[in-house]
Structures are given as C-alpha cells and as structure tokens.
Amino acid sequence: MPLKWRKVLIADERYESAGVFDVNNDGHPDIISGAYWYEGPDFKKVHRIGDVQAIGEYFDDFSTIAMDINGDVYLDYITGGWWGNTLRWRENPQDDGEWPEHIIGETGSIETTRAWDVDGDGQLEIVPNTPGGPLAVYKMTGPGQFEKHVIWDEPQGHGLGFGDINGDGRGDFILNKGWLEAPADPYNGKWIFHPDFELMPWASSVPVLVVDVNGDGLNDLIVGNAHGFGLDWLEQTREGGWKRHHIDPYNAQYHDLIWADIDGDGEMELVTGKRHRAHNGNDPGERDDYGIYYFKWNGESFSKQVVEYGPIRVTTGLGIHFALADLRGIGRLDIVAPGKDGLYVFYNEGQEQY
C-alpha cells in the first residue's frame, strides 16, 4: 500500500540545499538550510547561521554535509557552490552566534558535493563535482585540516557517483561518460578510465547511484537527467556491457537521488523529484507539473509512487541536495525538501489504510 504524507512548510526561503543533524546536542535532529537552522523537534525556532552569497536566483550553497571538523563534538557542515570557486566548511559556534566560514580548497565551480569513504578507512572523504575541472578528493587529516588528492586530471563533467563497479571491493568513480577503476592505493596509484557509456546527453545527476537493482550480484547504475527529461537505470551485464532501462522518461530535472528504505519493508527504494527552476526557466520541461516520488523495484521494473505532484505554486520539488531523516524518532524516514519553492518537510505517516 502507498504511504501517506503530511506536508509542512518550514520556511519561505529559496535555498536549494538542506541537511539534518543535531546542531546543539540536545538529542533532537535539527534542519540546516542556507543562512538558517531550524531547531527540532518542531522546527519553529529559527537561528541564523550567517550570510550566503546570492547570485540572481541562486545562492552559493549547494550542499549541507555534516561532519565534526574541528573535533569539539559539535557537528559542522561542508558546502560550496558554482560561483565562489571554493569548497568551504562552516563552524558550529555552540551557541547562537554566527557560524565562521573556512575555506578547504580552491576548486573552481562546484555543481554540488558529496561524501564517500574513498580509501576504505571508515571515514568519509569530501568529493565536489566540478564539471569543468579535475576530480579531486579532500581527506580530513586533523582538526580543520584537509589534504587534496587529484585522481583524474581531465574535466569530470556534470554528474558523479561512487561505488564498486567491478566487484574487487574497491570504490570506483562514475562520471557522465564512463567510470574510473580504483587502484589498490587510491591516492598514489593510477585510476583507469573506462569509456563504457554516456549516462545522459550532458548533465547527469549527483549522485549517480551504484546499486544492485535486480539482485544478480552485479552493481548497476541509476541516473537522472539533471537538466532535461529522463530517469534511467543501466544494467551491468555479465558480458561486460550496459543495458539501459527507462524508469521515468516523462519528467525532468532529476538532480538528486537517494537510495533508502522509505516504506520500512526491508527493501530499498529510489527517492527523488524535480529540482524546480534548476536553470531559472531555461531547462526542458521547466513549466511542467512536477513533484516528489519514490520508486519501488517490483522484480522486473520500477513502480512510481507519488509523494506530491501538481502545478507550480501548488506542489514543490527537491532542490539540489535534499535529506531523509527520522525527524520524530518513530522509525519512519521523513523527507526534507529544500528548493526555490520553499523549505518543506514531508512527514511519513506510514501506509494508508483502506
């Protein structure tokens, strides 16, 4: 049975990234988005973080990745955007003061950023998607200290994923036009590029998900068209090729994807939706009806389940970096949905009863 959702407006803001973590160590998850954080459990009390550079309809804030960077047992977060040309972290002040901003590195334009355990040491590394620049990994080496490792000197393109493609136990990187095979030593060894596919015409989602969709023991790829129509999965075959399957060719701007058990049945679902006004009205399908969805694998294909769908100003989308979290501590994942159409929570009320 489908899930029932309760939509709540948190803030009438236009930031496109949000994260969830316990800012003040009171045991309640809080919502962090743009220049503000919203105190749990009801998210009605608003605290200021600090200014975020505004450029037209955008803010230079395309990720919200929680980490205790300075080792003070309070979570900070990592961000960066297209215009600032830097990867940055904002320091949790442990009170209601402004969050100081620190530069991790000069990166060029960042589409968005994700965190993966690249070297298998159990700690997350930071990996920005910089379409016009090389692929670099930023490893935290001490409180407030990061070391940059460039693993691919060519422009990486729009779209980025991470996971074990060839089953050797090492995480590989997925780019829009192929994948990078990881060496035994990810920072000193040579990564091998395999130009086996083109995921989307020019702009793939961040992330590209690396998951075994059909349970055959081989990892497959799930990718959205970040600035056009389409959501697909690419089946890895035992012959070494890739077979494309459409999940939803009729909706556009699938920019962020999360693979999670949203309905509590023990199986993973694909959670995603449209990034509203991703290019300020210039993308295909920009003025179409839109919404948020989860897709269930039924053994042969994905079945689309609607969280919300409708026209502009009636419904909402998912921005560039959304979050799933059990905001009430009741064992169900809720959806935190930022975007140019506001910051919302969709509370997961469980399965509908008939």
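Predicted model: local features only at pLDDT ≥ 70, side-chain atom pairs only at ≥ 80, totals over all residues.
1. A polar contact is a pair of N or O atoms within 3.5 Å. A polar atom of the Ser-33 side chain lies 2.7 Å from the backbone oxygen of Ser-17. Ser-33 is found in strand β3, which spans residues 30-33. Is Ser-33 buried or exposed? Ser-33 counts as buried, at 2% relative accessibility.

2. The largest pocket has a volume of about 570 Å³. It is lined by 27 residues. Closest to the centre of this pocket are Arg-114, Leu-257, Ile-258, His-321 and Phe-322.

3. Which strands supply the lining of the largest pocket? At least two residues each come from β2 (19-21), β8 (65-67), β12 (112-116), β20 (209-211), β24 (254-260) and β28 (323-325). Strand β24 gives the largest share, five residues. By class, the lining of the largest pocket holds 22 nonpolar residues, three polar and two charged.

4. The second largest pocket contains about 160 Å³ of space. Its lining has 14 residues. Arg-313, Lys-340, Asp-341, Gly-342 and Tyr-344 are the closest to the centre of the second largest pocket. Here the lining divides into seven charged, four nonpolar and three polar residues. Look again at Lys-340. The charged end of Lys-340 sits over the ring of Tyr-58, 3.8 Å from the ring centre.

5. A further charge sits over a ring elsewhere in the model. There, the charged end of Arg-275 lies over the ring of Phe-62. The distance to the centre of the Phe-62 ring is 5.5 Å.

6. How many aromatic pairs does the structure hold? It holds 17. One of them joins Trp-233 and Trp-297, edge-to-face. The centres of these two rings are 5.4 Å apart, with 85° between the planes. Trp-233 belongs to strand β22 (residues 231-236) and Trp-297 to strand β26 (residues 290-297), so the pair ties together parts that are 64 residues apart in sequence. The partners can also be described by accessibility. Trp-233 counts as buried, because its relative accessibility is 3% and the cut-off for buried is under 20%. Trp-297 has a relative accessible area of 23% and is partly exposed.

7. Trp-259 and Phe-302 form an edge-to-face pair. Centre to centre, these rings are 6.4 Å apart, and the angle between the planes is 75°. Why does this pair tie together parts that are 43 residues apart in sequence? Trp-259 lies in strand β24, whereas Phe-302 lies in strand β27 (residues 302-310). Phe-302 counts as buried, with 11% relative accessibility.

8. Ring pairs also build a cluster. Its members are Trp-116, Phe-162, Phe-173 and Trp-191. Strand β12 covers residues 112-116, and strand β17 covers residues 172-175.

9. Last, Leu-175. This leucine lies in strand β17. At 3% relative accessibility, Leu-175 counts as buried. How far apart are Leu-175 and Arg-90 in sequence and in space? They are separated by 85 residues in sequence and by 28 Å in space, C-alpha to C-alpha.

Notes: Residues numbered from 1 in each chain as written. Heavy atoms only, no water. 1 Å grid on protein atoms, 1.4 Å probe; cavity = no way out; pocket = protein on both sides within 12 Å on 5 of 7 lines; lining within 4 Å. Points joined across faces, edges and corners; volume = space filled by probe spheres on them. Helix = DSSP H or I, 4+ residues; strand = E, 2+ residues; numbered from the N terminus. Nonpolar A, V, L, I, M, F, W, Y, C, P; charged D, E, K, R; others polar. Phe/Tyr/Trp six-rings, centres within 6.5 Å; stacked < 30°, edge-to-face > 60°. Buried < 20%, exposed > 50% of the residue type's maximum accessible area, 1.4 Å probe, protein only. Lys NZ or Arg CZ within 6 Å of the ring centre and 35° of its normal. Polar contact = N/O pair within 3.5 Å; in protein donor to acceptor, adjacent residues only side chain to side chain.
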